[in-house]
Every structure is written in structure tokens, then in C-alpha cells.
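Welcome, and please open the structure in your viewer. We will take it one selection at a time.

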Amino acid sequence: MQDVIVVGAGPAGSYAAYALAKKGFTVKQLEEHQEVGKPVECTGLVSKRVLKFVKTGSIINKVHGAHVYFPNDGKISISKADETVVLERDEFDKDVSGMATGAGVELIINAKALAIRRDPDGIMVRTRCNRDIQELKARAVIGADGANSIVRKDLFGERIKRVVSAYQVESAEQLEDQDNVNVYLGSAITKGYFAWATPAGDTSRIGTASIGGTSRNYFHELNRRFRNNKILSITGGPIPISTLSKTYGERALLVGDAAGIVKPLSGGGIYTGILSGSKAAIALEHALERNDLSEKKLKSYEKMWKSEIGTELKIDLMIQKLFARITDYSFVKLYEIISREENMEVIGRVGDIDFPSRVVASLVLRNPALLSHILFPRRLSL
Ligand SMILES: Cc1cc2nc3c(=O)[nH]c(=O)nc-3n(C[C@H](O)[C@H](O)[C@H](O)COP(=O)(O)OP(=O)(O)OC[C@H]3O[C@@H](n4cnc5c(N)ncnc54)[C@H](O)[C@@H]3O)c2cc1C
């Protein structure tokens, strides 16, 4: 019997598998697709914190700021000393997976977990491997199987409450400004979230996401801004932006998108996924060594990831829920305040894509008038 089965070979699962194998545990990893990293469903924008976990050759661009466009076409430009990197996401996933297999993880591709159940002495994973159905057994399982996790469904029985739907194209149009991402706000191009255009070297990634709506319809409006857009490929998918109430159970942990450990304001889940994977490996290491895989023992996993990002994700979700209600009129009012020089200085100094609540708190403290536009958005025409 294996020590651990990891379901899913995205960044969260591969990092957890790598960290456990490095400690000498036997790890089997299942990936339903025939190639790790494909299909790509991502813009690939991450902070440099990710590079502390993974050495990667997949960086295709580095940006130092953002242009944010408001519904009246008002624009603020944020500039940061720290760079944010744009990854070629399939290459990045292969790099993390390479760390795992290099450490001894047995990766099985074309292997889809169909059903998971607890036995008295282990976890059974019913798997379709190519065309064969197999019952695999392990002492514990990590559900790293993304937004529609089967591990979550079978062992945790809970749904993610807040999910964003994203639609993105890879465009042959090269953005002139390669040093800034573009963010678009307003009801014409998104329902309750935002749209973006990210410079990715020779191409650009243009997309929009919405809460409780189909973002594809909004994309057509967004695309008017890109007259020469030559679409090379289309991608998209759900992004779970609220965390499950419990991410651990007897013999089982959920990491990354499977647990909704994703940044609510940006929909970014690569950093948080890898971070949660690293904590899952530490918790399981202690539990496996003591042969105590009880729910009580594995609670340490949730304590660990929450101590680093739990408060941030909680506050960001509250902010996101308020943000989703802001009207075009109120966005313009926010723009009039935020674009003042002293506030732009605060954004440049405090802004952090992994910890955005800090900049929101700093701005609100300095400008209490922001609160009334956030809490009581007004529906007047522009
Ligand atoms: C359009 C879009 C743009 C995004 N842009 C960014 C961004 O710029 N920056 C950022 O940080 N995040 C971004 N995200 C979010 C990011 O892609 C995810 O948060 C991240 O991939 C989560 O990693 P994960 O390992 O938890 O899950 P995933 O990367 O989803 O990996 C899950 C893996 O499990 C496999 N799997 C699923 N079910 C099974 C099964 N039953 N059996 C076997 N294998 C299975 C899947 O094939 C997949 O390989 C974006 C998402 C979308 C949709």
C-alpha cells in the first residue's frame, strides 16, 4: 500500500507530492489528462513568492505595474518596484511535476479518479487508468483535483459557495506596453469581477470573469478595445474564490482549488495552491510517522495554511462581496478619490497582489468617504 495518493497534477498537487516524496514517503499521483499542464486554463500572473518554491524556466514576461480602467475610461497607473512574473503555465506545471517525479513520485497520466472512499485501514481510489478500472489503496489521500474536485465531493460532501467563471483568449496582438497588466472595471465587461489584458511576450492574454454569469458574453464587449485581435486559442473555467469550511478529514486533505484556497479578489490560486500543498505535506509527514491519520491529527494542516493566509483570504472575500455590488457610478466616484496623488503613492507603497487587503485598508483609513461608495453604491447614470 502507498503512503499517499495525490489526485491531480496541478501545481498544488505536484508540490505536495514532491515535498512528501523528498521525506521518503511513497507517493502515487494521478492525472486525468495525458499531459501535465494541458489544457492551460490560466493567465500565469504570479508574485515572486512562487519562485521561492519552484525554480522554473517558464517565465515569459516580468511586469512592474498595472493600468486600471474605470467605467468612464478614467485610468490610474500603479507602479511597483517589485516585479510580478507572467508564466507559460503548462511549462510551469511541468517544472513542478518534474520536481515531484525527480523526488520519486510515481506519476500516472491518463488516470482519472472516479470515486474515493474510506476503508477502516486506508483510502480506496477507484481509478480509470487508460481503459482499465483499478482500485488503488493508500494510507491517505490529497485532493488536488481542482475546482470540480471528486475528492471533495466524495469525502467532504461540501460545495464551494462562491465561484467565478472566467473566459480568456490568447491573442496574437502584442501589447505595446509589456511592463503593465491592464485591468478593466464596469458592468459592460464583467458582472461583479474584472477583465484583464496581460502582456505575455509575443502574445497577450485577454479575458474577463464574472460572478454568477457567463463571462463569454462580456468578452465580446471587452474585445472591442482590441481591434486587431487575432485569437490563437480560447480557454476559461471556474475559479473557486471561497474556502471550504473544513479542508481536512480522516486520512484526507484538500489543497489549492479543490479546497477553494484561492485569492478572492484576483482569482489567483497558484501561490496559495502551492503554499497549501507545502503545508499538507508537513501535516501528513507528522501524521504518517505517528501512524495517526485521524481528523484531529490532520487539523494541524488547516492551522498552518490559515496562519499564513487565512485572515487575508477571509478579509478579501468580504471585500470581494462588497466590490461585486459596486455600480459604474460609484466606481467613478472611487476613481475620483483614488487617483489623487497621495493615494497613488499609498497604492505604490503598500500594494501587494498576494495581500491586497492591506492597500484597501490603508486607502479607506485615509479616505473614509470611500466607504460610503463601497457600502452604499448608487445607481445613477454616468
Ligand atoms: C482563465 C483563468 C485565469 C487564471 N489566471 C491566474 C493567474 O494569472 N494567476 C494565478 O495565480 N491563478 C490564476 N488562475 C487560477 C489558477 O489557474 C488555479 O488557481 C490553479 O491552477 C490551482 O492549482 P491546483 O493545483 O489547485 O489545481 P489545477 O491547476 O486545476 O490542477 C488540478 C489537476 O487535477 C487534475 N484532475 C482533476 N480531476 C481529476 C481526477 N478526477 N482524477 C485525476 N486528475 C484530476 C486536472 O486535470 C488538473 O491537472 C486562473 C484561472 C483561470 C480559469
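Start by selecting the ligand and the 33 residues around it, of which E31, H33, L45, R89 and D257 come nearest; "around" means having a heavy atom within 4 Å. This is a predicted model, where local features need pLDDT of at least 70 and side-chain atom pairs pLDDT 80 or more, while totals for chains, interfaces and linings use all residues. Residues are numbered from 1 along each chain as its sequence is written, and side-chain values use heavy atoms, without hydrogens and water.

Next, zoom in on H33: a polar side-chain atom there lies 2.9 Å from an oxygen atom of the ligand. Polar contacts here are pairs of N or O atoms within 3.5 Å. Now pick T43, where a polar backbone atom is 3.0 Å from a nitrogen atom of the ligand. The protein covers 89% of the 1000 Å² of accessible area that the ligand has on its own (Shrake-Rupley method, 1.4 Å probe).

Which strand gives the most to this shell? Select β7, which supplies three residues. Strands are DSSP runs of E, at least two residues long, numbered from the N terminus.

Finally, display the open sheet, whose eight strands follow the order β3-β5-β4-β11-β12-β13-β10-β14 with mixed pairing; two strands pair if DSSP finds at least two bridges between them. Look at β3 (45-47) and β14 (231-240) on the edges: each has a single partner strand, so one side of each lacks a neighbour in the sheet. Then select β12 (residues 195-200) and β13 (residues 203-211), antiparallel strands joined by six bridges. At A195, look across to T208 in β13, which stands opposite.

Conventions:
Helix = DSSP H or I, 4+ residues; strand = E, 2+ residues; numbered from the N terminus. Polar contact = N/O pair within 3.5 Å; in protein donor to acceptor, adjacent residues only side chain to side chain.
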